[in-house]
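Please keep the sequence and the structure in view while reading.

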Amino acid sequence: MAAPHAEPVNFREALRACREVATEPQRHCRTVHGVPVYASAELVNIPRAEVFAELASVLAHGAGVFVLEAAVQADVVDRATEVLFAIIDDERVAGTSPGDHFAKPGANNRIWNALEKLAVTAPDVFCEYYESEAIALACEAWLGPWYQVTSQINVVNPGGQAQQPHCDYHLGFQVDADIARFPAHVHALSPMLTLQGAVAHCAMPIETGPTTYLPHSQKLPGVYGAWRNSELIEAYGELSISIPLDVGDAVFFNPSLVHAAGTNRTADVRRMANLLQVSSAMGRAMESVDRDRISKALFPEVSRFRDAGWSSDALGRVIAASAEGYPFPTNLDLDQPIGRLTPLSQADIVTQALAAGSTLDELTHTLGEYEQRRRTSPLHEAPLPDAPLHEE
């Protein structure tokens, strides 16, 4: 698994070595560019323990990516596509313009929290879609039971350019300085907390720009801290692969695998994919803690200790023990990561308020806006404050 590297790495040589590693033979698939491709109808009839072991081995020790053909029935996908394009149109009329982590503005259309929006808009379609046994097999093979699904729709319009190569959530969404703060064992753990996937909502021949991958790159040393490296980016263009997909095909991959959506070179295909980000049930705290209440209760005292000369490090330790330091999960329609990879966390807001000399009333107001941006139900009930423009 990926871990921080102590010595400089020649990423071009390392990437070539990854590309040249042959995928370990698997029993139940064919391979395309070294990537296992499974027929979902056959996979679901194999003993579950055997399937789980094989898929997990591919993600951890093999190519790091596999394809499930016909994971969702094509007619069900088509019905979902109609609903999702209607949601995109409605959000455009409403004046929302969802941001994207790794693509230029205007290159695509996004639906954040598509899971909830599809469920409340077309519950029958939702049920038929997520009844997919193939999707469940992939999720449980990597994460075990009780996993939690989230979904975002990405539509790459004709002419939309490729993303920059990157890794994904969790550590893949952090800046280099923060990535470097996490020890090696956390780099090894992070890929096991989530599973990345995508379901094709249209035919995706190569000219439409389906996602490109660098098989085996999840085994690169320090990969989370390397994907912005110019040498890696240059070599990625030379060594990455892409696999055409049909409607209903799904791809699942290790979140530390280097990958990027491709350029849509067609004149008339709006390439839609349902991006699945599935989380382990274990990535949760034991107790429910009202950190908003705690932060407001502590703020006058933290301000007093600031005035008494406490260092920023000492104050930061108090904030870390009391406020929520992680910005996810959130409502990305309203709490968009514009200008950065993640929105502000509650701890960021408290830290900024402390540095600005804000009053408790000012912090209370700011935290109230923060909580409003993170809710989903008000989208259907009342207007909300504009999403802030976050800067690096």
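Arg27 is exposed, having a relative accessible area of 66%. The model described here is predicted, and it holds 14 salt bridges. Some of these contacts are set out below by topic.

**Arg27 and Glu50**

- Arg27 pairs with Glu50 in a salt bridge whose closest N and O atoms are 2.9 Å apart.
- Because Arg27 lies in the loop between α1 (11-20) and β1 (30-32) and Glu50 lies in helix α3 (residues 48-61), this pair ties together parts that are 23 residues apart in sequence.
- Glu50 is partly exposed, with a relative accessibility of 27%.

**Arg30 and Glu69**

- A salt bridge also joins Arg30 to Glu69, with 2.6 Å between the closest N and O atoms.
- Arg30 belongs to strand β1 and Glu69 to strand β3 (residues 65-69), so the pair ties together parts that are 39 residues apart in sequence.
- Arg30 is partly exposed, at a relative accessible area of 45%, and Glu69 is partly exposed as well, at 26%.

**Arg48 and Glu140**

- The side chains of Arg48 and Glu140 form a salt bridge with an N to O distance of 3.1 Å.
- This pair links distant parts of the chain, since Arg48 is in helix α3 and Glu140 is in helix α7 (residues 133-143), 92 residues apart.
- Arg48 counts as partly exposed at 40% relative accessibility, and Glu140 counts as partly exposed at 24%.

**A network of salt bridges**

- Arg79, Asp124 and Glu128 are connected to one another in a network of salt bridges.

Technical notes: Residues are numbered from 1 along each chain as its sequence is written. This is a predicted model: local features need pLDDT of at least 70, side-chain atom pairs count only at pLDDT 80 or more; totals for chains, interfaces and linings use all residues. Side-chain values use heavy atoms; hydrogens and water are left out. A salt bridge is a side-chain nitrogen of Lys or Arg within 4 Å of a carboxyl oxygen of Asp or Glu. Helices (H or I, at least four residues) and strands (E, at least two) are DSSP runs, numbered from the N terminus. Buried means under 20% relative accessible area, exposed over 50%, partly exposed in between (1.4 Å probe, protein chains only).
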